[in-house]
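Colleague: I am new to this structure and would like to know what lies behind the terms you use for it. Could you take me through them one at a time?

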Amino acid sequence: MAASPTPRPKRARSADAAEAALPGAQALADWALRHWGPDGVPEGPVAVAFSGGADSTALLLAAHALWPGRVIALHVHHGLQAAADAFEAQVRERCARLGLACHVRRVDARAAPGQSPEDAARGARYAALAALAREAGADWVLLAQHLDDQAETVLLALSRGAGLPGLAAMPEAFVREGVRFGRPWLGLRGQALRDALIERGEAFVDDPSNADLRFTRNRIRHRLSPAWAEAFEGYREALARSAAHAAQAQRLLDELAAIDLAATGTPPRIAALQALSRERQANALRHWLRQAHGVAPSAAQLAELLDQVQACRTRGHAIRLKVAAGVVCREGAQLAYTPSI
Ligand SMILES: Nc1ncnc2c1ncn2[C@@H]1O[C@H](COP(=O)(O)OP(=O)(O)OP(=O)(O)O)[C@@H](O)[C@H]1O
C-alpha cells in the first residue's frame, strides 16, 4: 500500500489579497520565499517581535493576513519606563482581539557601567526574544525594522567612525542565541506603514522614548534625516545600497580571514602571521578574536597588537595587550586570549 503523502506546510494566502489589506504583505511574502523557499512557512509557529509600536503592529497584521493560524506574538517588557505596563496591556489586548497567542517576558535592561542604555536594552531584548521563541517552539522571529531604520543605522555607524561590519548595517536574516531572526521590511518606507495603519483606524503605541533627543539615534531621526531627505530625496535607498555593498565586501573579508587562519592555525602562530601583509594580519586577528572570543579590538588596540606581533622576532619576546575585558598574549609560538585579566 502506498504511504500517504507527508502533509505540506500551509501555504501563504495570496500575497496580493493580503497586500490589498495592508502594505508590506507582498514584501513579507517575497522575503519568506527567499528564506523559507516555495513550500511556505516553517513547521512551528511564526513569531513576530511585537512592541506594540506602529511598525511591529503592521508586521503582526501582515503576517496574520498571510499565514492565518500560524502567527504568535512575542513581547518584551523592558521595565525601564512607567509606560511599559501600558504597552504590555495594549499588546495583550491586540493579540486577544486577533486570537493570537502572546508570550511576554520581563527583563532587567539597566545598563552596566560603561554600557549605553540603548545597547543594554537591545541586548536584553534579543536574549528575551530568543528565549521566548525557543519556549514557544518557533524557529524564526520576525522584526519590523524598515528602510528608514536601515538608513539611520548607516548614519549612526558613520557618526561613530565604524568599519565595514558597522557600515553593513542590519542583515535581513541572522542567527542569535540559536534562534533565527528575519527583517522582511528593510526595503520599505516606515511612513507608508504608519499611514496605512492610521488610514485603517488601527491603534498602535507611540513610545515616548523615541522622541528623547538624548539618544543619538533619535537625534539622527529627528534632526539629520529630515535634512538629508530635503537635500537628496532618495537618500534612504542610497544608504541602504551602500550598506549592501559594505556587507558584500565584509563577506569577502571573512572568507579571506578563514583562508589566512587556516594557514596560521587558531590561535594564530606568530611567524605565520608575520608572513601576511599588515592588512591581512589585522583582518585575520579581528576575525579570530570575534569568532573565538566574541570580542572586538578598537582600532588603536589592533594597531598596537600588530606592532607587537611585528616586533616579536626573538624567543624571549613577550606580547601583551588588553582587549575588551581580557588580554592577548604570547604563548610559545602562538598568540592566546585570556577572557578576564
Ligand atoms: N519591547 C519589545 N518587544 C518585542 N519586540 C520588540 C520590542 N521592542 C522592539 N521590538 C522589535 O524590534 C524591532 C526594532 O525595535 P525598535 O526599537 O526600532 O522598534 P520600536 O520603535 O520600539 O517599535 P516598532 O518597530 O514596532 O514601531 C521592532 O520593530 C520590533 O519588531
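Modeller: Let me begin with helix 5, residues 117–136, where helices (H or I, at least four residues) and strands (E, at least two) are DSSP runs, numbered from the N terminus. The expected span is 1.5 Å times one less than the number of residues, so the 20 residues of helix 5 should span 28 Å, and this agrees with the 28 Å between its end C-alpha atoms. This is a predicted model, in which local features need pLDDT of at least 70 and side-chain atom pairs count only at pLDDT 80 or more, while totals for chains, interfaces and linings use all residues. Residues are numbered from 1 along each chain as its sequence is written.

Colleague: Which residues of helix 5 are called buried?

Modeller: A residue is buried if 20 or more other C-beta atoms, placed from the backbone, lie within 10 Å of its own; in helix 5 the buried residues are Ala-121, Ala-124, Ala-128, Leu-129, Ala-130, Leu-132 and Ala-133. Among the elements that cover them are strand 1 (46–49) and strand 4 (140–142).

Colleague: What makes the largest nonpolar core a core?

Modeller: The term means a set of buried Ala, Val, Leu, Ile, Met, Phe, Trp, Tyr and Cys residues joined through C-beta atoms within 7 Å, and the largest such set has 61 residues. Helix 3 gives the most to this core, with 9 residues. A second, separate core has 13 residues, including Ala-257 and Ile-270.

Technical notes:
A residue is buried if 20 or more other C-beta atoms lie within 10 Å of its own, exposed if 12 or fewer, and partly exposed in between; C-beta atoms are placed from the backbone. Two residues are in contact if their C-beta atoms, placed from the backbone, lie within 7 Å.
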